[in-house]
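Trainee: I have the model open and would like to go through it with you. Could we take it piece by piece?

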Amino acid sequence: MSRTDVARSVAPVAARPGRAPRRSVVAGVLGSRVGPFIGLGVLLGALLLFQVLTEPTFASPNNLTGIGRAMAVPLLVAAAMAIVLLTGGVDLSIGATLALSGTLYAKLVTSDVPGGPALLTTLAFGAIVGFTVNGVLIGRLNMSFFVVTIGTLSFYRGLVFLWTETNTIDMYGDPVSNALGDRAIIGEQVPIGLLVSVGVVVILFFVLRFTTFGRSVYAVGGNREASELSGLRSGWIIAAVYGISGLLAALASVMTIGRATIADPNMGTNIELGAAAAALLGGIALSGGVGSIWGAALGVAFLAVLSNSLSLAGAPTSWQLIVTGAILVVAVYLDRARSRAERARF
Amino acid sequence: MSTNPATPESATSLVTSIRANLPLVEVDAIDKRFPGVQALSSVTLALRAGEIVGLAGENGSGKSTLMKILAGRYSPDAGTIRLRGAEVRWSSAAAALRAGVALTAQEVAVHPEMCVTENLLGPRMPRRLGVVRWQAAHRQAREILDDLGLDIAPGARLGALALNTQHMVAIGKMISRRPDVLILDEPTASLTETQVARVFGLVRALRDDGTLVVLITHRLREYFELCDRVAVLRDGHLVGERAIEALDEAQLVSLMVGRELSSVFERIRRDTPGPAEGGDPATTDQVPILRGPVLRVRGLTSTKLRDVDLDVGRGEVVGVAGQAGAGRSTLARALFGLVPHRGSIQIDGEEVRLRSARQAIAAGVGFVPEDRKGQGLVLGATVHDNVTMTTWAATARLGISDSARERVVARDAIDRLSIRVPSPRTLTDALSGGNQQKVVIGKWLATKPKLLLLDEPTRGVDVGAKAELYQLIDSLAAAGVGVLVFSSELLELLRLSDRIVVMAAGRVVGEIDGDEATEESITRMAFAGLDDRTVSA
């Protein structure tokens, strides 16, 4: 009995008013579970305020629409990464799965398959590939997620190069990918892709929070063996999570194509790194079981605004890469600091 | 030190007498706070060379924290530690170890991928020109293993060995360093009685050579068996220091908990198991028709089990005893579908095949595993989630959780087991060991099991929680659940069991009625069972 017995654990503190905890309030908040989320929100708010005050073009409708358009794909990929991270894994093959699904979509469309069926086929393909390859190998055969997804990363990218002979495919004029990747509605200010991505995040939030499957994701990520012994099908839950990751990568591929109006065999390269940075920054624990999909979304928003600010300030792309990399390291450091703070008990 | 001797001779004798009388370790007004709790409040304690001091207290009383400060794992918020009269501020645990303060922690720190020799000798491996001399190293390790009574190869990978063997190696590593201060935090939790006797023998020898030994244990008897003195902590305050002769167990317990407790291990006579009393959620849905066995096992065989026959009646508590490696845990895991096996298992008269935890749960079996944190709980999840996890699928509609029903389940478990939590939404991580264990048991209330398997149900919980868990197990049995208790603590088995089954080398070697069994009779049976195959009680 002790730390939970409120009366007892609080009493000694109350008896010594002069002995305030040494840890500052800031450290306390950052060390808690919602800490990264709040910290990031404050940071994003400060950045927005700074931009609005100092950069006249930032708040222009066109610039904001541009940020929204640029956010759609990273949001999907970060959502995929977040749900995989929650099970304690990482999917390094999201970018390669994206390229493979995108190539399939481009091949279907250029073979005169109508956009709708082509889109559905592509989504099904992404989900099935994610589930049966990454999912079964990691969830059912208990292989290391690191090894498996590095393997599939290379394998899929190689397939794409083989299939396209490393040529880009012109997709200009394809209405479905154009709608998802480029078009904006409501006075041409709100990109459809952003709406779709936000919708996906909302759906995932409800799935994670209110379904048996979603809660099992957290439980399995928190302690796989204990979950299994409580009767959860941990292996299939992990497999399903990689299936969802594949599905979202496929959806993101069509958006990517729409935005670029070509299917580039190099599309999606390194996209998983930014997604991991966003998710970790938003407070999703690398060890699994802790975090919220909103945190990942906030992380994406932060990185998108930051990147936009840097380019408005005239900084070259190289700087955006450097800053994203530095932020990833900081995010992982915060993750460590948080779990250390959690463990610093008896 | 203000001594100023006049002559060299008197100086020597003075130094000697000072050595003998001065404390080796002085803990002076130590404070330590963790977020949300004052772990230690100005604790002052003087410890001398050549004594064994027990440090007693309930879970969360600050014992382990104090010892971790002493051994350089935590730094105190205020106060000083003096070693041989000189103040020390450890920069790290390694610094403390180099200065002769060794700690074997509750959570065993071993290198499972390294061999036994490397674990035992660590940085002290014999070397020539920086290259390890393996033969000499294994020879040294062999000597330590002989002292420990361990018949294992020095070159074996430690992770491949039984948990209690790993624990013995971790203890042996510290003992073999012959430290000035040896702190043993729960050294015996996973050890067998023979292993405990070995460790205690080695510790006594160290004490006689002038080592200060500090012991923390949940087995109160061990304080009386081993210690010269006991210091008691309660809620971070030192509440008493007594010579062991001046104490009995009841007094020690009341010092620890601050109130009188009827003897925890006193046997309570249960009425012959019968139809359930009404109103109990564990049984209301069951039809108590037959007094037939809930569990009937015939010829259960696996790689570590040989032809095990076992019956458990409705409302009966059957204890399973045996030395470490006798197959107790394997039997428990096999009955929960976690170990591939042959043979017949009937639950409530129905032949069942148990190939996974899910099948076992569906057949009406609940399992409280030995490793609470590793297998019993999702520590990062709430109490609500842990308690309801077993019924998520059953209560959900179309995959969507029914949170209202779950809240009822969680509330019911928290109330019935009197789990002390501010709210069901509290993270399980924040609970004490005893309350965590209640959560692990609590998750099986909702599944209404016919058979409950409890593997080391009170390991690492304090005396008060132990008493509560025993009452809880009694009440589950009274409600008609068949209970199998797998335990290395004989007193626990004697307290709980209607019948005790003794295992040795993967076989059932004997059976004793709970009222007639004694520690001696069980131990004799377990050892005899290693020689000949069956013994009658």
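Mentor: What follows is a talk about a predicted model, starting with chain B and then turning to chain A.

Trainee: How many helices and strands does chain B have?

Mentor: Chain B has 19 helices and 22 strands, and of its 537 residues 55% are buried.

Trainee: And what about its contacts and its surface?

Mentor: Among the contacts in chain B with a separation of 6 or more, 67% are between residues 24 or more positions apart. The chain exposes about 22300 Å², and 51% of that area is supplied by carbon and sulfur atoms.

Trainee: In what order do the strands of the open sheet in chain B come?

Mentor: The open sheet of chain B has six strands, in the order β18-β19-β20-β15-β21-β22, and their pairing is mixed. From one strand to the next the twist averages 20°.

Trainee: Why is one side of β18 and of β22 in chain B left without a neighbour in the sheet?

Mentor: Strands β18 (365-368) and β22 (507-513) of chain B stand at the edges and each has a single partner strand, so one side of each has no neighbour in the sheet.

Trainee: Staying with β18(B), how many bridges join it to β19(B), and do they run parallel or antiparallel?

Mentor: Four bridges join β18(B) to β19, residues 451-455 of chain B, and the two strands run parallel. Within this pair, B:Val368 stands opposite B:Leu454 in β19(B).

Trainee: Which helix lies across β18 and β19 of chain B?

Mentor: That is helix α16 of chain B, residues 433-445, which runs at about 170° to β18(B).

Trainee: New topic: where is B:Leu472 found, and is it buried or exposed?

Mentor: B:Leu472 is found in helix α17 of chain B, residues 463-478. Its relative accessibility is 10%, and because buried means under 20%, B:Leu472 counts as buried.

Trainee: What is B:Leu472 in contact with, leaving aside its neighbours within four places in sequence?

Mentor: With those neighbours left aside, B:Leu472 is in contact with B:Leu417 and B:Ile441. As for B:Arg416, which is 56 residues away from B:Leu472 along the chain, the C-alpha atoms of the two are separated by 8.7 Å.

Trainee: Over to chain A, then. How do the axes of α6(A) and α7(A) cross?

Mentor: The axes of α6 (residues 115-140) and α7 (residues 145-164) of chain A come within 9 Å and cross at roughly 145°, and the crossing is right-handed.

Trainee: Which residues meet there?

Mentor: From α6(A) there are A:Val129, A:Val133, A:Asn134, A:Leu137 and A:Ile138, which meet A:Phe145, A:Val148, A:Thr149, A:Thr152 and A:Tyr156 in α7(A). By class, the residues of this contact divide into seven nonpolar, three polar and no charged.

Trainee: What about α6(A) and α12(A)?

Mentor: Helix α12 of chain A covers residues 234-260, and the axes of α6(A) and α12(A) come within 6 Å and cross at roughly 145°. This crossing is right-handed, and the contact has 15 nonpolar, 10 polar and one charged residues.

Technical notes:
Residues numbered from 1 in each chain as written. Chains lettered and ligands numbered in written order. Predicted model: local features only at pLDDT ≥ 70, side-chain atom pairs only at ≥ 80, totals over all residues. Heavy atoms only, no water. Axes fitted to C-alpha atoms, helices over the stretch in contact; angles between N-to-C directions. Left-handed = near helix turned anticlockwise from the far one by under 90°. Contact = heavy atoms within 4.5 Å. Nonpolar A, V, L, I, M, F, W, Y, C, P; charged D, E, K, R; others polar. Pairing = 2+ DSSP bridges. Buried < 20%, exposed > 50% of the residue type's maximum accessible area, 1.4 Å probe, protein only. Areas by Shrake-Rupley, 256 points an atom, 1.4 Å probe, with all protein chains shown as cover.
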